[in-house]
Structure formats: structure tokens, C-alpha cells
Amino acid sequence: MYKHVPHIMNHTARAHLLLVILSFFLALPFAAHAAAPSAAGTVTMQFDLSAQPQSESVSLWIPYPVSDADQNITNVRINGNYAESAIYTDKANGNPMLFARWDAGSTERKLSFTFNAERLEVSRRSIPATEPAWNPADYAAYLGATRLGPVDGEVRELALKITEGKLTVVEKAKAIYDWMCENTYRNPQTRGCGAGDVCALLKDPGGKCGDLSSLFIALLRSAGVPSREVFGIRLGKKNGDDISTWQHCWAEFFVPGYGWVPADPADVRKMMLTQNLKLEDAKTKEYREYYWGGIDPYRIRLSEGRDLTLTPPQQGEPVNYFMYPFAQSGNKTLDWLDPKSFSYTITFNN
């Protein structure tokens, strides 16, 4: 029998309350421009970790989406037979996460996490032609290196070459976006979304969204453009879609005096591959224009940031990114890229 265990609100109580309050107020601007194209449905995540050794305790961390100006998350339901459950955030990025733990000796370890989601299409192309003075020190968190994304050496040399003669943030970002569209490729053999090893990508610029977005971010930051990766999951389009492997990430860069602007060269390259398009094709031009400052509504934002320490802290090395569920049996990290052996399913219903 499932039992619903109340969330243990210890030192995270204030953080959780703040999330609730923010979700309420951030939902207001969503309603204000709800005339934009949107997608909506119910996402259900089902976990069964019963196959893990009974001699070990099992811990599970799940990205926990919240409402903001572009998405509305409602009717959250969490059920399971866990010994402990709580909502936390990580210290570095403030990413919300659902944590659950099963004690050693548990013979059954199950959890379901369901929420309704509505997401707006984003179009931010009315960027001012002039750029106000700004201090890079104010955006240091969005200009620095990550474990797999250096911003010096060969990366910086390439970024400076691409942006030669470009003066503003937007000019530099557009030059790098165009370079990404023209010089990278989608490799369908890449496992998951890709690790995003930028040094390896300089030698072979192919992969999936986790690779191409990482290269894009490293080049942007090397050129002095504040930027971040956004990690999420795509929504389905029909009832019953299995979206267990539909994770997706994209980029945002910051324009002083205007705000964050999305850009997704990885989806340009995906469309070129799936539709057998060439760079000179008119449809490619449409995609390049669309994903510069715009993203479709079929995606939910889950987190941002690299090299994460979760809450409570996981065993071992930092988590590369947090758009997949993460679990450990004792000190062993389960393979989040293999939903069947993990095991979990994520489904979408209209």
C-alpha cells in the first residue's frame, strides 16, 4: 500500500515557503501575457527502486518545476512509501528539488510525482539598439568557467576570433550563435543529451543539446557575454506520450537594460538533421531566426547551473547538470540515462 508521508520541513521550511510565495506572484505575469501560444498537460513521474539491494538505503532527487513568467505549475501530487520526503534547493543555484529516502531493509521503494504544466512560447526580440554601461563583476556567476566548460585558452581564442569587431553583448552573442548554427552538428549517436565536454567539442563539434549548449555558453562567456544553460524536459503533444528521454537544455544570455534572452542553436541543428536540411535552405533560415530570441512552448524549465551539490549532498563528485532524476543506492549512483534500469517512467497526458 502507498502512503503519503508529509514533507519533512526542517531547515528548508523558509526556502519552501519562499518558493510557494514566488510561484504565486510569478504566475501573475504569466496570466498577463497568456495570449501567447502555449502548451499544457499533466506530467507524471513514476519511480520504482525496489530492485536495489535491500541492505542499502536509497536516496532520490527529482527536479521540481515551479511557476515563473513563462510557465505555470499547479496541482502537484506526491505519493509513495518512502521513509522521508522534503522539498529542498541547492545552495549555489537555488534549484528546487524533491528528495526522498528509503531505509535499508525496505522491500518496496516507490514514488509518484505528478503536476499540471502550462508553458508559453517565448519571443524576446525587441532588444534595444543601444547598450547601457554595465559592470561584468555584477554577472560573475554567468561569466565563469565550469568543470567541463573552460573560458580561457583555445575556447577564448576561438570566441575572440568569432566576435572580432563586435562591440555590444548582442552583436557578440549573435556572431557566436551564427557560428554555432554553421559549424556544429547534431550527432544522434550521442548518449542522453551529451556531457558537454567543451575541450572535446572543439576537436569534434557534434553532439546533442547538452553538448552544443555547453559549447555555446563557453564561447559566450569567453567573449564576455553573461549566459546560462537552462535544463528542462519537453512536453508531449498527444495523450500518453512517454517523455522519459525527452530532456532538453537551451541557452539564455543577458542583455544589460533588457534582460535574459533565449537562444537554441542545438534545436536548429536538430531540425536540420531530422528534416534533412542544408544551411542554405529557406527552412533552415526560418529555424535560425526563430531560435534566436525565441523558444517553443513544448518545454518545461527545471533547473540551471553545472557542477551541482544537491540537498542533502550526494555522495561523490558534483552532478554535471540536473534535468534527469538522480538516485544513489548506498554510495552507488544509478544510471539516470537508462530509465528502465533506474527505474522510472515519465508520461504526458493532455
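Contact here means heavy atoms within 4.5 Å. Among contacts in the chain between residues at least 6 apart in sequence, 73% join residues at least 24 apart. The structure is a predicted model: local features need pLDDT of at least 70, side-chain atom pairs count only at pLDDT 80 or more, and totals for chains, interfaces and linings use all residues. Residues are numbered from 1 along each chain as its sequence is written, and side-chain values use heavy atoms, with hydrogens and water left out.

The chain has 8 helices and 18 strands. These elements are DSSP runs numbered from the N terminus, helices being H or I with at least four residues and strands E with at least two. Of the 350 residues in the chain, 53% are buried. Buried means under 20% relative accessible area, exposed over 50%, and partly exposed in between (1.4 Å probe, protein chains only). The accessible surface of the chain comes to about 15700 Å². Carbon and sulfur atoms account for 53% of that surface. Areas come from the Shrake-Rupley method with a 1.4 Å probe; for residues, only the protein chains shown count as cover.

The axes of helix 2 (residues 153-162) and helix 5 (residues 209-222) come within 8 Å and cross at roughly 75°. Helix 2 is therefore roughly perpendicular to helix 5, a label for angles of 65 to 115 degrees (under 35 is roughly parallel, over 145 roughly antiparallel, the rest oblique). Axes are lines fitted to C-alpha atoms, for helices over the stretch in contact, and angles run from 0 to 180 degrees between N-to-C directions. From helix 2, Val 155, Arg 156, Leu 158, Ala 159 and Ile 162 meet Ala 218, Leu 219 and Ser 222 of helix 5.

Asp 70 lies in the loop between strand 2 (58-63) and strand 3 (71-80). Asp 70 is buried, at 11% relative accessible area. Its side chain makes a polar contact with the side chain of Arg 124 (2.7 Å). A polar contact is a pair of N or O atoms within 3.5 Å; within protein, one must be able to donate a hydrogen and the other to accept it, and residues adjacent in sequence count only if both atoms are side-chain atoms.

Arg 228 sits in strand 10 (residues 227-234). Arg 228 is buried, with a relative accessible area of 12%. Residues up to four places away in sequence aside, Arg 228 touches several residues, including Tyr 142, Trp 250 and Arg 301. The side chain of Arg 228 makes a polar contact with that of Glu 252 (2.7 Å).
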